[in-house]
Amino acid sequence: MDEKLKQDLIQIVGEANVTDNLIDRVSFSYDASEHSHRPEGGVWAESAEQVSEIMKLATRNKMPVIPRGAGTGLSGMAVPIEGGIILDLNRMNRILKISIEDRLAVVQPGVVYLDLEKALAPYGFFFPPDPASGKVSTLGGNVATNAGGLKGAKYGTTRDYVLGLQIVLPDGRIMRTGSKAMKSVSGYDLTRLFVGSEGTLGIVTEITFKINPKPTATSTALATFDNLEDAGNAINQIMHSGIIPSALEILGRETLSAINQNTDLNLPEVDAMLLAETDGYTREETDYQLGKVMAIFHENNAHEVRQAETEKDVEDLWAARKSAYAVLARIENNFVLEDVTVPMTRITALLNGIHAISQRHRIRIATFGHAGDGNLHPQILYNGYDPEQVKRMEAASADLFKLAIDLGGTLTGEHGIGISKAPFMSLEHDPVAMDVMRSLKKMFDPNNILNPGKMGLEV
Amino acid sequence: MEMHGYNMPEDLYYEENHFWVKEEGDLLVMGMDDFAQVMAGEIVYVQLPDDGKEIKKGKKFAKIESGKWLGKVFAPVNGEIAAVNEELETNPGLINDDCYGKGWMYKIRPNAKGEMEDLIHGKEAVEKWLLADIEKYAEG
Amino acid sequence: MPSKYEFEEKFRDQVLRCSRCGFCQAVCPVFGATLRPALNARGKMLLLKEVMDGKIDLNDELIETLFQCTTCASCYENCPSGVNVPEIIKAARKDMVKAGSCHPAFKGMNEVLDKYTNIYAEDEPEDFEREKNQAAENVYFVGCVGLYREDESTSATLDLLDRLRVNYTLIDEVCCSGVLEDVGYPIKDHLARKNIESILATGAKTVITGCPYCSRTFNNKPQYAELKEKGVKVVHVTQFLQGFDFGVTTDKRVTYHDPCDLGRHCGIYEEPRNTIRKIAPNFVEMADNRKNALCCGAGGGVRGAYAKNSIAMARRRLDQAEAVGAEIILTECNSCVHNLANAKLRKQKFRIYNTPQFINELMDAAE
């Protein structure tokens, strides 16, 4: 790192919080995606004021700054693709306030999702999105990507729960958006603009979340299907049951096999398995709901339909689902995890399409995902050291995106565009929309220093 | 006062295991001297007994540790612990940074202040003792 | 094509298998205390992958992370991709030493064990006022931490064994030197020989150790195979005490900290709890227990090389004890006792003991 820059940063955050060590630069080069690039260094900030000073300095020096939480993003939004410095927000990790009567929690961006859950649990409250990475991902990161999760179909995603934000703009000015009131339509909805903006418009330094009372009872069932078609139809038809399950997940054959290698669950290795959960306040209620869901499974040729009996079974099943993508990593030395999302009526077509793409490009694609809101996670598994396979992976990826768009869907339900999907933005967004997005970026960040090179916004 | 590479202020009284003592009103303040902190290396732990604990002259009443060394803190006089430097709980390195100032360790309520006179004091005595120890530890 | 690095020869597949998911951040004690991704398991794997890909070399710059791992195996326990990070780190440390890049504390320790009988370069252990090297059914092997840093705990354990009329002898023990294998060096053959000779000379058929690390070394390392060959069993004191009744109880709120070396590394979780439940009906578990136990931060040489961070890790564990209102924290490893006791703040009123030490104290009080 440039010596003057280093000294200037030390002035702001102190020597212990600035690094240009090799080991830090290497680990800051990566997130959970397949992308990497060295930054010049990193800083840890401990307050919005420090973040503001850092951005003012960065503006003067025209230096890229990349905000970072836990670094578990799957599309490369925390990768410093144009160099610069990483702004690590993990030390801003305090829960500032929980108000049950106002139904809100105020947190700093470095708080880990699970730690907020643990803090809310004694009150019988929860913060619904439940991303699979919740053990490690931070709330700031969840806001930056509008994280979804297993409860998406019934409870929505992160953006549905953000009441307000404190933001540091790329030029260092600090502002607040939103309101502590439960609803507001005062002025433009700036909050919604920042949620999901992948750290490209501003840095989130404080979040006010709406929180929900936590249902105390759940019922869980699994159903197996001999083919993807039937599973897809079952998912479609769920709406006809009148019930929205609190979770509805699909696991494909490859995924089931990989899970079995990693646990003692001994799941049946079939073409498709659905895991469903219903929630409420009494077992009667949740069992009743689950019964309706299970009936839909039966109507669609489910081979086996079984309700999970013990708490341990239930925990194990969901834990297995949450670690699916990392478990699949045992199969090959590289993978790419997609999260294409389509309208519910097109799920079967998507499932079949993924299968066809896998055949066509002779490359393994495991599938699992949030069937409940049409968000599948096809995971392409390949040998990254074989240039042939890399080419086939890229071709398969491109086909997957085209398929999703053709089916009226979106490139990404929850993982964000980052670097991975940037080349495909114009498949989904018309030129006027792209132009508007670029104008917004330019307005917020005229020097293009805040997380540059992401989302396909560079012309 | 600089003495053979170590800072050993003349006005202090020294316990032979390299702890310094000085008066502060009714109490005595105690800490580790420069020679000892250099030999020990970075201090990582200082035992801080409860206020009121009785200490006996010449006997160990606490432990102190650096990465490579476990040391004993010996009572320079008879008395009881009046206060401890609580900063050392989370920042024991203060002893290395400023062993005579911010790195003070214990405040003692002595039974008889006069006992302090038994300690090593005065330029000549301190120098003689220091030189002997420099030699002793150089061989080790 | 064989690699010049042992870690790559043995573990290339595993390093590649790291999917960068970062789940290890949830459980790594070093990351928890420092929030520095470079020190987390994932960070270490990313660095080693770059070494394997020829982008960086093993050199001094990697010391700070490769030698700052307690080898607690929490990451491995939680890794969905099955990457055995501690074993990979230990192999990489050997490569680092070969390349001339070692943390000075461990280089120093290796040299110390050529000249001294213990890792602290002390001349004399505490005198426990008991005869050594007697003929006996059991040898009680204390271990370096118990002899030179936690003598109170050792003394109490020996008192307890006496009360229980166990027929044992101490020996002129020397460091089992197992820790060297974890920090890039080999076990000292001459020390292993000395221990084996001393043990065999007593005619004992069982070695009871206070230190789970020593018991693992004796049980698993080839340098100590002769013990097994000669029919000598090695157990940790917690296993040895299973059959006994103590006749004392406490109504204090007691919790148990699973040492990594006894827990995750040996699978011994219930024996210590069986004993504790006999004497403490008011037993509570901390949030992360058994195979999820949070490491105290002392292991893998970290207490010697990175003491500040080590104590910071211990403080996190103590927070968990505070959260369940524990008055007494029991554990079965002198290293854990030492680190936790050093980390305890004055305002925290709980007391930290090895279980045998605590039982002995209860017996003292009952008299």
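1. Domain bounds, as used throughout this note, come from an automatic or database domain assignment. On that basis chain C is divided into domain 1 (6-102), domain 2 (138-242) and domain 3 (248-366).

2. The structure is a predicted model, in which local features need pLDDT of at least 70 and side-chain atom pairs count only at pLDDT 80 or more, whereas totals for chains, interfaces and linings use all residues. Residues are numbered from 1 along each chain as its sequence is written, while chains are lettered from A and ligands numbered from 1 in the order in which they are written.

3. Within chain C, the centres of domain 1 of chain C and domain 3 of chain C, taken over C-alpha atoms, are separated by 27 Å. Contact (C-beta atoms, placed from the backbone, within 7 Å) joins 14 residues of domain 1 of chain C to 17 residues of domain 3 of chain C. Helices here are DSSP runs (H or I, at least four residues), numbered from the N terminus.

4. Ala, Val, Leu, Ile, Met, Phe, Trp, Tyr, Cys and Pro count as nonpolar, Asp, Glu, Lys and Arg as charged, and the others, Gly among them, as polar.

5. Between chains, two pairs touch, and the most contacts are between chains A and C. Chain A and chain B do not touch, their nearest C-alpha atoms being 15 Å apart.

6. Where chain C meets chain B, the contact takes nine residues from chain C and seven residues from chain B. Helix 17 (residues 307-323) of chain C gives the most to the chain C side, with three residues, and that side comprises four nonpolar, two polar and three charged residues.

7. For chain A, the assignment gives domain 1 (3-88), domain 2 (95-213), domain 3 (217-322) and domain 4 (332-422). The centres of domain 2 of chain A and domain 3 of chain A, over C-alpha atoms, are 29 Å apart, and their contact takes five residues from domain 2 of chain A and seven residues from domain 3 of chain A.

Technical notes
Helices (H or I, at least four residues) and strands (E, at least two) are DSSP runs, numbered from the N terminus.
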